[in-house]
Amino acid sequence: MPMSVRLPAEVETRLTALAALTGRSKTFYATEAIVEHIDDLEDAHLSREVLARVRAGAEGTVPLSALLAEYGLEN
């Protein structure tokens with residue numbers, strides 16, 4: 001699906017240089033960057049949602065020591 005992205009000048013310059021240096025397209029590297037980091041962005045969003053539920057008392061927590069003991073990993 002086509003998509004248009006405006007990049008800061010410095011990022012555009014770096015991307016152009018990398019593409020020229022390697023013979024790959026700027027689109028290739030932009031796609032690689034998105035694929036590489038979208039999981040992290042999704043995880044960060046989910047973490048904020050869970051934290052809000054915990055702070056609101058709608059979701060509980062489990063102490064690390066309890067998890068370690070459950071799996072036989074306590075020191």
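Helices (H or I, at least four residues) and strands (E, at least two) are DSSP runs, numbered from the N terminus. The model is predicted: local features need pLDDT of at least 70, side-chain atom pairs count only at pLDDT 80 or more, and totals for chains, interfaces and linings use all residues. Residues are numbered from 1 along each chain as its sequence is written, and side-chain values use heavy atoms, with hydrogens and water left out.

View 1. The largest pocket holds about 450 Å³ of space, where grid points are joined across faces, edges and corners and the volume is the space filled by probe spheres set on the points. Its lining has 15 residues, of which Leu7, Leu15, Lys26, Ala30 and Thr31 are the closest to the pocket centre. Both α1 and α2 (26-55) supply at least two lining residues each, and the largest share, seven residues, comes from α2. By class, the lining has 10 nonpolar, two polar and three charged residues (nonpolar: Ala, Val, Leu, Ile, Met, Phe, Trp, Tyr, Cys and Pro; charged: Asp, Glu, Lys and Arg; polar: the others, Gly among them).

**View 2. Salt bridge between Lys26 and Glu12.** A salt bridge is a side-chain nitrogen of Lys or Arg within 4 Å of a carboxyl oxygen of Asp or Glu. The closest N and O atoms of Lys26 and Glu12 are 2.6 Å apart. This pair links distant parts of the chain, with Lys26 in helix α2 and Glu12 in helix α1, 14 residues apart. Lys26 is partly exposed at 35% relative accessible area, and Glu12 is partly exposed at 28% (buried is under 20%, exposed over 50%, partly exposed in between; 1.4 Å probe, protein chains only).

**View 3. Salt bridge between Glu59 and Arg53.** The N to O distance in this pair is 2.6 Å. Glu59 has a relative accessible area of 31%, and Arg53 has 34%. A search of the whole structure finds two salt bridges.

View 4. Met3 is in the segment before α1 (9-22) and is exposed at 64%.

Technical notes:
1 Å grid on protein atoms, 1.4 Å probe; cavity = no way out; pocket = protein on both sides within 12 Å on 5 of 7 lines; lining within 4 Å.
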